[in-house]
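Let's take a walk through this structure together, starting with a sheet and then moving on to some charged side chains. Keep the 3D view open as you read.

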Amino acid sequence: MKLNIKRLISFLVIGVMGCTVFAQSSALLSYKNPSLPVEMRVQDLLSHMTIDEKIGQLLCPMGWEMYEKEGNKVTYSRKFEELIQKQHAGMLWAVYRADPWTRKTLETGLNPVLAAKTSNAIQCYAMENTRLGIPVFIAEEAPHGHMAIGTTVFPTGIGLAATWNPSLVEYIASVISKEVRLQGGHISYGPVLDLSRDPRWSRVEEGYGEDPVLSARIGASYVRGTGGGDITKPYSTIATLKHFIAYGVPEGGHNGNTAFVGERELRENFFLPFKAAIDAGALSVMTAYNSIDGIPCTANKHILTDILRDEWGFKGFVVSDLVSIDGLKENHRIVDNLQDAAIAALSAGVDIDLGANSFSELVDAVREGKIGESAIDSAVYRVLKLKFEMGLFDNPYVDPAQAGEIVRSPQHIAAAHKAAQESIVLLENKGNILPLKKNIKRIAVIGPNSDNSYNQLGDYTAPQERSYIKTVLDGVKAKMPGARIDYVKGCAIRDTTITDIDKAVYAAKNADVAIVVVGGSSARDFKTKYIETGAAVASTEAINDIENGEGFDRSTLDLLGKQLDLLKAVKATGTPVIVIYIQGRPLNMNWAAENADALLTAWYPGQEGGLAIADVLWGDYNPAGRLPVSVPRSVGQIPVYYNKKNPKGHEYIEITSKPLYHFGYGLSYTRFEYTDLNIIQKYADKFEVSFTLKNIGDYDGEEVVQLYLKDEYASVVQPVMQLKKFERIFLKKGNEKRISFTIGKEDFSIINKDMEKVVEPGEFTVMIGSAVDRIKLQDEIIIDYRQHYYQ
């Protein structure tokens, strides 16, 4: 493909930071004056815009076709020119995205330097070759790293939640935000705040688990890391919260299906992470594909306007999920044409059409009097205001050299390594087999996930150079350079025709220890088919590894393919077996829990996962990850989340109703003692809870202390217990520390019969422990507003 000469010249001019293409004079236009207040500049610009230009600002088409690349030269594409001139698009999504769906590869996609140059070319054309010179917002997927080539890949959301470390997540988000901005992006899609109560659902990996308090703390920290809503900072992004609302509890575990939840349940649980993230500064919210009580979330005025804007005071913009406005016609079938879909979404409170199909119909809708132009103006105002606040009208350009130097820097790689270490959960350690001795001579590394780089990265990850990704085999080799290491894949994740279990058995028999890495995969390939939303089409014909990630819902949680056969065969050799699950959802671990000498889950640990796992196996890092979800024994138990409402429930005929592993659970190489619980009542509804934590084991280590509350009697049914506070604490062996939590009105409040948030007097049980099933200390407290309390 030959680059257009005019566009190539434009590229050469703006290749570093600027743009000098001739444009019409706008010196007299107030919105161009950076000394004026933002509100005045927005109103002035609106007064100059036609209805076509206004609606263009509400369109967000797919961005990966907006550039042309030839070798190391890149500029905007002819398609981008047409998009700007004909539709006046104000936003692009996923310009730098590379994956099988976009057909962008390491060869055809953009590295950080070329990404920055592409952004400059796009901005130059939009600013200097259009009537009003409005810069373009670039929105990028960034839930666990910027989804682009050459960026830093962190553990997926479920792994970040397993760290139980909000401050670490805040720093990670700052790294991600910085990498997005360095390449010319402005909006980061993430965090994903969907509470996951059904592990069959294909997107469990993206969110922060089943609990609203943990998700709220992690999500708010993520938003603070992106800048906390202060987009005047050079590396701040506009964090987009996904997906509003109750998307993670679809009927049957089918992605996008109806969610059966009432408003009280929404207010008590599902709203909490979103409200916390908005309070932390989030300026964008994405709608969800599902419906609630017959109303699609993308057309639900009650949640998008009455609650989000009027009740919570949200000042940012609402963006549809990809073609979810079209889905009002195609999927939910509440309208029979795209124009009515657009009117329904805009009227409900949606500002941006991700996909840009339906809102294109609003031009005629306004001209035909079907919707007022004032509704368009309100949405456009929200978009333009943030463009002005970010400074894009004054300088939308970035420095490609900086992108090349800082994106995926050693400091960022170190953060990915730390995140992977902290996300690993030790589930079993029989006979204290771990940590392994460093004088081991013969090691067998076995399993389909022991040396598959893409299987450990998770969904929403771009292709990366193989040398950038450290697998378990890489980690073992780096940790034990003097040992004999035999690697055998053993089997595939799904394909039952590709096995070499006999070779795995031979390797295990001749080893001092067998490290077997099994689990799942969200790694997409170019044989997978995709629907318009980017979700995969599950197929029985293409036997690749992928069994997780958007569109890959499951009817069971069992290990697929011959993985269980592989585990049993290696166990039969008599060699000690360390089993590691690399997975995006809590898969069936029953056999491993009973038979493995040690069992760990590393989730999708990101690019440094293999090194982090080796650190844990050999004791250079003492694991302290904790489960952010309950692990079921059977799909028949689902849902098995810990904070169910009273009554507690009884046992099944076949098995217990208890999960295999409880929420909050995780082992360490050391032991901790909890003593001396003391509760001081400061006010009627404010208490200081303190206790002593001591490391009584043989290793330095971290403990995640957890405080749960139980409301003994209330006017509406309450959970059997609910997490309220937690902290990840490091203690050297033999050391102790006094831990203190303050619990107050927010922790005791409920949603009463009148949908009011209140604190009801009565008795509460305070529980302190290391997991739902490992409560170490507890006491009763009473809230009585008739008494007076003094500090």
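Start with strands E14 (residues 442-446) and E15, which run parallel and are joined by five bridges. Two strands count as paired if DSSP finds at least two bridges between them. If you want a spot to look at, find Ile-443, which stands opposite Ile-485 in E15.

A word on what you're looking at: this is a predicted model, where local features need pLDDT of at least 70 and side-chain atom pairs count only at pLDDT 80 or more, while totals for chains, interfaces and linings use all residues. Residues are numbered from 1 along each chain as its sequence is written, and side-chain values use heavy atoms, with hydrogens and water left out.

Now zoom out to the whole sheet. It is an open one of six strands, in the order E13-E18-E17-E16-E14-E15, with mixed pairing. Strand E13 (425-429) and strand E15 (484-488) are the edges, each pairing on one side only. From one strand to the next, the twist averages 15°. Angles run from 0 to 180 degrees between N-to-C directions, and axes are lines fitted to C-alpha atoms, for helices over the stretch in contact.

Helices pack here too. H17 touches E14, E15, strand E16 (513-519) and strand E17 (577-582), and its direction makes about 175° with that of E15; contact means heavy atoms within 4.5 Å. H21 lies across E16, E17 and strand E18 (598-601), at about 145° to E17.

On to the charges. Side chains of opposite charge can pair when their charged atoms come close. A salt bridge here is a side-chain nitrogen of Lys or Arg within 4 Å of a carboxyl oxygen of Asp or Glu, and the whole structure has 44 of them.

Helix H17 (residues 472-479) gives us one: its Lys-479 is linked to Asp-620, in the loop between H21 and E19, 141 residues apart.

Next, look at Glu-268 and Lys-645, whose closest N and O atoms are 2.9 Å apart in a salt bridge. Glu-268 sits in helix H9 and Lys-645 in the loop between helix H21 (609-617) and strand E19 (672-683), so the pair ties together parts 377 residues apart in sequence. Glu-268 is buried at 15%, while Lys-645 is partly exposed at 27%.

Last stop: which charged residue is buried yet has no salt bridge? That's Glu-140, whose nearest side chain of opposite charge, Arg-97, is 8.4 Å away. For charge, Lys and Arg count as positive and Asp and Glu as negative, with His and the chain ends not counted. Glu-140 lies in strand E5 (residues 137-141), and a polar atom of its side chain is 2.8 Å from the backbone nitrogen of Val-95.

Conventions: Helices (H or I, at least four residues) and strands (E, at least two) are DSSP runs, numbered from the N terminus. Buried means under 20% relative accessible area, exposed over 50%, partly exposed in between (1.4 Å probe, protein chains only). A polar contact is a pair of N or O atoms within 3.5 Å; within protein, one must be able to donate a hydrogen and the other to accept it, and residues adjacent in sequence count only if both atoms are side-chain atoms.
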